[in-house]
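Here are my notes on this one, point by point. Have the model open while you read.

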Amino acid sequence: MMKSTLKRVMPQIIILALVLAANVLVFPGFFHIEFQHGRLFGNLIDVLNRGAPTALLATGMTLVIATRGIDLSVGAVMAIAGAVAASAVTGGAHWTLALLMALAAGAACGLWNGLLVAIFRIQPIVATLVLMVAGRGIAQLLTEGAILTFNDPGLIRLGAGTIAAVPTPIWLWIAVACLTGFVIRRTALGLLIEAVGVNETSSRLAGINSRVLLWAVYLVSGLCAALAGVIVAADIKGADANNAGLWMELDAILAVVIGGNSLLGGRFSITASLLGALIIQGVNALILLSGMPVEFNLVIKALIIIAILVIQSPRVRHSLYLLRASTGPVLRDRPARTAPRTRQEEGQS
Amino acid sequence: MPEPVLHARGISKFFPGAIALDDVELALYPGEVHALLGENGAGKSTLIKCLTGAYSRDGGTIALSGAEIDPRDPLDSQALGIGTVYQEVNLLPNLTVAENLFLGRQPMRWGMVDHRRMKREAREVLRDYGLEIDPARLLSSYSIAIQQIVAIARAVELSGKVLILDEPTASLDHDEVQLLFSVIERLKGRGLAIVFITHFLDQVFAISDRATILRNGRVVGTRRLADVSQTEIVTLMLGRALEEATHHRARSEPGELLLSLRGYGKRGSIAPFDMDIREGEVIGLAGLLGSGRSETANVVFGVVAADQGKAELRGRPLRIATPREAIRNRFALCPEDRKTDGIVGDLSVRENIILSLQARQGWHRPIPRARAEEIAQHYVKALDIRLASLDMPIRLLSGGNQQKALLARWLATEPELLILDEPTRGIDVGAHAEIIALIEDLREKGMALIVASSEMEELVAYSSRIVVLRDRRQVGELTGHEISTKSIVEAIAAEDAA
């Protein structure tokens, strides 16, 4: 089991290693970590810390995409959750209550999306587009159009504090990812989600409760987004309804895609998506550290990501496969070891 | 003898853990219909895919009109002269007939598509195929048979040397098959070499000149059909003589009443009916296409919820509105359309086999890997499912093996009532006989079965009772000595049957 997981995520590990190596090239002290004022500092820690929101979103997004869906609303849900938490603490609530309220808001958003997708059978991209647009408006209503700042140390600790010298967001995303992965793979949920993603009709006729499953994945996605929203708000000590989580849904989808998960649903790997999130954050760090003028950032990021996707494309992978296959002696009397995909399939995926 | 128009020699193809094709030779002469025969998994589809470039072959040469070719993909082979038409028509139903015929090579006028000319030329082309239809109408407005002929016309117009027909008759009725055959005869007259793949041996003998028989990826013989009998062909396909599917009249008495339906039905789907099913009983559902066989199966299994009538399971009232509820009550349904309603294509054979069992157990009680392996192995052996590995995606299995894997999925749930909708459609004679034997065997063990089938001989062979349907309504029931194909046909045809 462990070995097959490792094989599955090997491309992502290699790409992450390359991105980190490039970081060392432009900034030799990249791996340097020091301990100051009871907290670990260093660029690597930064990547893990700054990558928290994307990693959290990618966890939920992986499950949604595995069911052949997509959740465009996560960025807006982040804004809502941040606004809910901020208005709760400014209204005098304890920070734990504020966190719970934010999570409840995220859950409600997820249930709303799930309702549209699982019950009303609206296409996921359209269904979640509703909340993507409306959600930011709801957040703005909550903050009354202003950036709602707060000083509650408990809430701030979630975004800017540390636990055992490690920034809290790192603990949070690792904990959520481990918990989700554990629940998914130690139960049959993973199999059932994949089955629904590949063929929902067959799955329903086989007795799988596809409605509840669909509902559940959007719920998880909403919860993950809410936690990411609280972290982002806590980090800047305020809820910015206009900018919190802006375009984050695209980073999350990208992380899932870099993780090699098909947008057509089915087989998925949360680990690979998390590596995808770290790759994106690694690229961000690379651009920052290389000292390039900021206006180049997005273009360079796009170029690097295109390169990553091309390397993972079926055509390049097939060429690599042929390259490997042609180096050894070809045994005609023995079957090949890996399934040669038909050319049609390669064109589709 | 003239030069073969297509000559494939030494074609080999390896799949993980299996040799799919081993040194296969196929020679096609102009103006012949050449049947390609073999059980499911014998390598017919793989051979076609190698010839058309859908698969890259691992060995061998293909010569077309004497010149060696190496098609990269189906488009390439089409341009070279090899056209293929599949069972599922792969045209665009949302375009007109003319657009489908000329897609990619529309006649142009001033940089725009010349619709008038396209329509005129389409009409002329189709007249050559004996079709007088309006090419400006949507393809989807015509029957599957017409669509199939349009697909053939397109393939022939684009290619013109070799035409491969992969199970073209699977979803056609008798008259439509005749229509298709007349088209094939015309094309034969034009000197095309035609490859014909089908599971219907009668059709092979009706239209083909020669046949090449494959077994386990090898050619076991090429015969002139005028010189051989059906039995000989079947023996070649199976590698053993086929036992006649006989009707065992001496059967054990049915057991206790399992399911009792009264006035059960769904408006717009199936008229209310009564049905009693006992343990150890096979109820056959007979009727023409669209007569309500599948609808009956679906309403019993809760695929569509009944909106009237009562159901009792072992005397206790029961309500089934979803497949989940049916499965919880130990019902099982093997649907008619394997691909869209049955298999979960990208998941492994093992996962497909345990899927229903897992769904019934609930997500929180996963079946351990070792147990899943054991269950899957058991059924692979018991049902003789041929595969390279349990880890391979089920979509890579041949049709008959997919069907057996689906049966395995349901048998693993240990059902008390097993509903089979067209269990033998599109599978070869070998698997066909095995599935019929399995139905007998399950009945002997006391399972209750409902089997919907369009093959009356088959129903006669295994049914304890036969329910006859017409126009989505039960019109008769045959028991005991009344059961024969003749009486089924009479019941279907009887105008005044209640």
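Predicted model: local features only at pLDDT ≥ 70, side-chain atom pairs only at ≥ 80, totals over all residues.

1. Six strands form an open sheet with mixed pairing, in the order β18-β19-β20-β15-β21-β22 (chain B). At the edges sit β18 (331-334) and β22 (474-479) of chain B, each pairing on one side only. From one strand to the next, the twist averages 15°.

2. Now look at one pair within that sheet. β15(B) and β20(B) run parallel and are joined by four bridges.

3. Another helix, α17 (residues 485-493) of chain B, lies across β15, β21 (465-469) and β22 of chain B. It runs at about 160° to β22(B).

4. After α15(B) comes B:Gly446, with a positive phi near 100°.

5. What is buried in α15(B)? The list runs B:Val429, B:Gly430, B:Ala431, B:His432, B:Ile435, B:Ile439, B:Leu442 and B:Arg443. As a reminder, an α-helix has 3.6 residues a turn, so residues three or four places apart point the same way. The buried residues of α15(B) pack against strands β15 (282-286), β19 (417-421) and β20 (448-452) of chain B, and also against α8 (230-238), α14 (399-411) and α16 (456-462) of chain B.

6. On to the domains. Chain B splits into domain 1 (6-94 + 138-238) and domain 2 (257-493), with C-alpha centres 32 Å apart. Their contact takes 13 residues from domain 1 of chain B and 14 residues from domain 2 of chain B. On the domain 1 side, α8(B) gives the most, with three residues. That side divides into seven nonpolar, four polar and two charged residues.

7. Last, the contact between chains: 35 residues come from chain B and 29 residues from chain A. On the chain B side, the elements giving two or more residues are β1 (6-15), β2 (18-28), α10 (323-328), α11 (338-342) and α12 (349-361). α12(B) gives the most, with six residues. By type, the chain B side holds 19 nonpolar, eight polar and eight charged residues.

Note on methods: Residues numbered from 1 in each chain as written. Chains lettered and ligands numbered in written order. Contact = placed C-beta atoms within 7 Å. Nonpolar A, V, L, I, M, F, W, Y, C, P; charged D, E, K, R; others polar. Buried ≥ 20, exposed ≤ 12 C-beta atoms within 10 Å, placed from the backbone. Domains from an automatic or database assignment. Pairing = 2+ DSSP bridges. Axes fitted to C-alpha atoms, helices over the stretch in contact; angles between N-to-C directions.
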